[in-house]
Amino acid sequence: MHFTRRLRASLLGLQPHLRNNGVALARDLPSFDGAGSDGAGLEPLFALRHVELARAGRPVLRDLTLDLPRRAITGIIGPSGAGKTSLIRLLNRLDDPAAGEITFLGQPLTEYDVRALRRRVAFVFQTAAMFEGTVADNLRVAAELGGKRAAAQAPEVASVLRAVGLDPEYGRREAGELSSGEQQRVSLGRALMTLPGVLLLDEPTSALDPETALHLLGTVARLAEEHGVSVIMVTHRLCEARQFTSHCVLLEEGRIVEAGSTRQLFSAASTERARAYLASGR
Ligand SMILES: Nc1ncnc2c1ncn2[C@@H]1O[C@H](COP(=O)(O)OP(=O)(O)OP(=O)(O)O)[C@@H](O)[C@H]1O
Ligand SMILES: [Mg+2]
């Protein structure tokens, strides 16, 4: 209860240090109540068991068995076509597996109301389509889609714009006229307006210059660390995975090559294939 009040107060910009950082906060997950700060001993955020997915008759994900941790930034890495986007699309039911099971906080994903699930588990697409209207309209619409209660709790547009590295002046600009990197940041901003507990990010920095990318990932890291947002982030940039994630999954041809702590993976991968892939990014 106390946690919820603190979150809301911060979101409304009542805490100066947060306002200055422009950080938007998470809708806390009820099952975090009473959890230790690291969530130790609790069921994983997502658990995948023998998950299979096919596209156009071709297997895309094969027998994936994997736990994704709570309150962490997990990187999904691997070559183009490995199945990274396909994997995270399953987690808020943009697609459903052909076989196997996925649970979210211990409960089968299929038992959640899809709309309610998507408010808690937000997906930020690699290529963002803007709604018609201004950037502020885009952010407000995103909050309204979550329902009246969510809209009432939504953070200030200006604080979200600052969080994603855009001057609040951008609120007045036509969203369709922004550069693709600016649109990508508005897209993350739209997700933040709904105060998700989980962020699924598909290459969130692919259209950004290195400095802006760093700023954006800094925001994501703050959300994860200070407010318990769980993040699952697809990235091609191994340096980003190394710097910003605590866990990593390396996929290739729809299979897990290796999964575990980022430090372990980057310093002492146990498979030759993982070592070769990680070396390619140095
Ligand atoms: N809608 C679709 N129809 C047919 N095949 C698809 C579809 N979407 C994805 N695939 C195929 O599934 C495989 C995995 O695609 P996915 O988009 O998950 O890869 P990825 O790892 O995200 O790649 P990238 O790094 O290029 O984004 C690819 O072989 C792709 O061609
Ligand atoms: Mg992809």
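**Figure 1. Residues around ligand 1 in the predicted model.** The shell around ligand 1 is made up of Arg55, Ala56, Val60, Gly78, Ser80, Gly81, Ala82, Gly83, Lys84, Thr85 and Ser86. Helix α3, which spans residues 84-91, supplies the largest share of this shell, with three residues. By residue class, the shell around ligand 1 holds six polar, three nonpolar and two charged residues.

**Figure 2. Crossing of helices α5 and α8.** Helix α5 (residues 135-145) and helix α8 (residues 180-193) have axes that come within 7 Å of one another and cross at roughly 35°. The crossing of α5 and α8 is right-handed. On the α5 side, the contact is formed by Val135, Asn138, Leu139, Ala142 and Ala143, and these meet Val186, Gly189, Arg190 and Met193 of α8. Six of the residues in the contact of α5 with α8 are nonpolar, two are polar and one is charged.

**Figure 3. Buried and exposed sides of helix α12.** Within helix α12 (residues 272-280), the buried residues are Ala274, Tyr277 and Leu278. These residues lie on the same side of α12 because they cover an arc of only 95° around the axis. Glu272, Ala276, Ala279 and Ser280 are exposed on the other side of α12.

Figure 4. Arg118 counts as partly exposed because 18 C-beta neighbours lie inside 10 Å, whereas a buried residue would require 20 or more and an exposed one 12 or fewer. Arg118 and Thr194 are 76 residues apart along the chain, and their C-alpha atoms are separated by 9.6 Å.

**Figure 5. The protein chain from which the close-up views are taken.** The secondary structure of the protein chain comprises 12 helices and 10 strands. The protein chain has 282 residues, of which 45% count as buried. Among the contacts in the protein chain with a separation of 6 or more, 70% are accounted for by residues 24 or more positions apart.

Methods
Residues numbered from 1 in each chain as written. Chains lettered and ligands numbered in written order. Predicted model: local features only at pLDDT ≥ 70, side-chain atom pairs only at ≥ 80, totals over all residues. Near = placed C-beta within 6 Å. Helix = DSSP H or I, 4+ residues; strand = E, 2+ residues; numbered from the N terminus. Nonpolar A, V, L, I, M, F, W, Y, C, P; charged D, E, K, R; others polar. Axes fitted to C-alpha atoms, helices over the stretch in contact; angles between N-to-C directions. Left-handed = near helix turned anticlockwise from the far one by under 90°. Contact = placed C-beta atoms within 7 Å. Arc of directions from axis to C-beta.
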